[in-house]
Amino acid sequence: MINNNASQAWLSVPDSLRRYGLALIDDLYTKESIQSWNCDIDQYFKHTPPTERRYLNASELHSLGITKQILNKPLLNLINGLMPDAALYHFHFYDIPGMSNSPHIHGDNGLKGWHRDDDCFFGWEKHRFHFVSFFIYLTDVGLDSGPFEIAPLNKDQPLKNRTPSTKVLGPPGSNFIFDRTFWHRANPNLSSSNRRVIKLSFQNNYLPNDRIGLEEFATLKRSDLVASPIIKQWLMI
Amino acid sequence: MDPMARIPVPNSEVDVSTYQAWKKQLFEKKQPVKRLLHADRVPHNVLVIGSGHRITTNFIPALQSLEAIFNVIGIWSRTREHAQYIENTAGWPAISDIDRVHLNAADLIVISITASAVPNVLKMILNTTDCSNKHLVIDTPVFAGFRQSLFTPLLRHFANVTVTEDYMNFPQFTLLRHHTNTASIGSIKKVTLNNTGYLYHGLALGRSFFDFDLVKHSNRNQLGVNYVLNNGGLIELVLPYRRLEGSVSVVGEKGDFHYVNSVNEKSQKAALSRYENVITEAWEKNTCIGFMVKTKGSSRLSSFSLNDITIACEQRDRLFQQCKTFGLIDVFKSLSDHNINGGYNYLQALYDNYVSHISCQRTGKLVWDYRLIMKWLELTTLR
């Protein structure tokens, strides 16, 4: 998943997150699922010009009927094991247009897009995770197609030049979790095709969460997804 | 069994400008501090350390006016009688030791003591308990002198540190910042502080108009100090400092805005007739009732009051203390809300302290080498 020289050594997800800020999970989804989601998304955007950035919020993803497949049992168990008091605050699909010269997020911050997310400054208790994001690549991501990159530098460490970092490469369906308090960035997508990703972010439910009240999550709260007690907790019902 | 993850193999490296990285680190400290307090745990428990004039004059009224948000669980002083006096007058329980029980119960630790005693008190606190989930509120200038900057790493053991730079939060300066943003004077080019702002307070106030940009070079002359900022902005600090008897002029691309005091009635009247945009103290029957804001011919009174604290007072010295209390209230409010103080942390405070001291002491032009400043910050801020 990571690159051609990928290590086959394994580590528990919490340990990997603590040490590297990143946990490379083995495929939680089948190739067929990813293919089917891509088809649904293509269908949704059939009238959108290819140059325009595509974005689907939680409600729109739900209307495509894929939220239940994304929130499958292995993912529920994975996040619940990591953060038993998790609350959802991002659940969306977006793509990065190809032929871009700068990272699509914080590209103009003078640090080539390296950042730690603003909402993570609360993360003070070192023994636990406060803010994590889960990514699912929907397209093949190589060195030139805007891979996610993370450095093993947490909130106590400044960004330092020449720190060894990891660009997460992989085929469609590759998924990983990262700690949002670590320095990370999206590389510019130099390739000709868009990079597609589904992103979910979680935080502890006792922290301020000004997103869970958004209308996009109201649809999920009304759906049969809440039959699962874990999802019910994630949606703060 | 824990789910397993493949160990990531580094396949690249961070490639950024060291200067940009350090600049980012300094400015990232302007973090939205409201997120540092648990939203569902109000009021926040506060442990106060110190019992001097500053505590009795400013901290007690400020914290009492915010008692819905902050609950003082104890006050410690090396002079037990002083703490006892505060317990009797303000109702804050005096404690004889900074013990684990009180420290563990506190969300916020407020330190207002002699700057030179700060390192020892910090060490005492950090030796007693883990402060990684505690917010420290500390008075300016944080530490006394350059040598004590070596103790800066102690501050990194706290979840966050807010510095009570109340001077830049004085009501008249807050009004001035607000109106310079809304009065269409264009982007600010120059801020002149005439007899206003003691050393680091002056630099902090000046930089607050420029989003806390850093100093590129400074020039000490007979009148005072000029600071040229990275973005080209100019701060003119005219010495000596005379508390509330000075004035402030903000010059933008398209106009200007002024704050004038009312000590000299003639100069106040002259300023009101000369300038289009002016803020000045409003006195009625020997009592200051607020600030008059005159913009393009129209005038209106901005009075300040909060619970039982009002800006109204009869003596200029008392007005100065009231302004400090209001400034302090803004500092405490920045812990749960956004205001200009939210961006002012210990790095900013130490920066202002050292840059202003060196700039004022050395006659002539000083070029502030970023690399040296960043190196110094690196040495003093890392664990």
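1. The loop between β9 (188–194) and α7 (199–208) of chain B holds B:Asn195. Helices (H or I, at least four residues) and strands (E, at least two) are DSSP runs, numbered from the N terminus. B:Asn195 is not a glycine, yet has a positive phi of about 55 degrees. With a relative accessible area of 15%, B:Asn195 is buried; buried means under 20% relative accessible area, exposed over 50%, partly exposed in between (1.4 Å probe, protein chains only). B:Leu199, in helix α7 of chain B, also is not a glycine and has a positive phi of about 30 degrees. B:Leu199 counts as buried at 15% relative accessibility.

2. On the basis of these values: this is a predicted model, in which local features need pLDDT of at least 70 and side-chain atom pairs count only at pLDDT 80 or more, while totals for chains, interfaces and linings use all residues. Residues are numbered from 1 along each chain as its sequence is written, chains are lettered from A and ligands numbered from 1 in the order in which they are written, and side-chain values use heavy atoms, with hydrogens and water left out.

3. Two cis peptide bonds deserve a look. One runs from B:Thr140 to B:Pro141, with omega near 5 degrees; B:Pro141 is in the loop between β7 (135–139) and β8 (160–164) of chain B. Another runs from B:Leu239 to B:Pro240, with omega near 0 degrees, and B:Pro240 lies in the loop between β12 (234–238) and β13 (247–252) of chain B.

4. Buried residues of α2(B) include B:Ile55, B:Phe59 and B:Leu63.

5. The largest nonpolar core has 74 residues, and B:Ile109, B:Ile125 and B:Phe158 are among those with the most contacts inside it. Such a core is a set of buried Ala, Val, Leu, Ile, Met, Phe, Trp, Tyr and Cys residues joined through side-chain atoms within 4.5 Å. Its largest share, eight residues, comes from helix α10 (residues 346–361) of chain B. In α10(B), 13 of the 16 residues are buried, so the helix is largely enclosed by the rest of the structure.

6. What does B:Gln172 contact, leaving aside its neighbours within four places in sequence? B:Gln172 is in contact (heavy atoms within 4.5 Å) with B:Leu244, B:Tyr259, B:Ile279, B:Phe291 and B:Cys323. B:Gln172 belongs to helix α6 (residues 171–182) of chain B and counts as buried at 0% relative accessibility.

7. The count of aromatic pairs over all chains is 21. Rings of Phe, Tyr and Trp (its six-membered ring) pair if their centres lie within 6.5 Å; planes under 30 degrees apart count as stacked, over 60 as edge-to-face and the rest as tilted. The rings of A:Tyr44 and A:Phe45, with centres 5.2 Å apart and planes at 70 degrees, are edge-to-face. A:Tyr44 is partly exposed at 36% relative accessible area, whereas A:Phe45 is buried at 9%.
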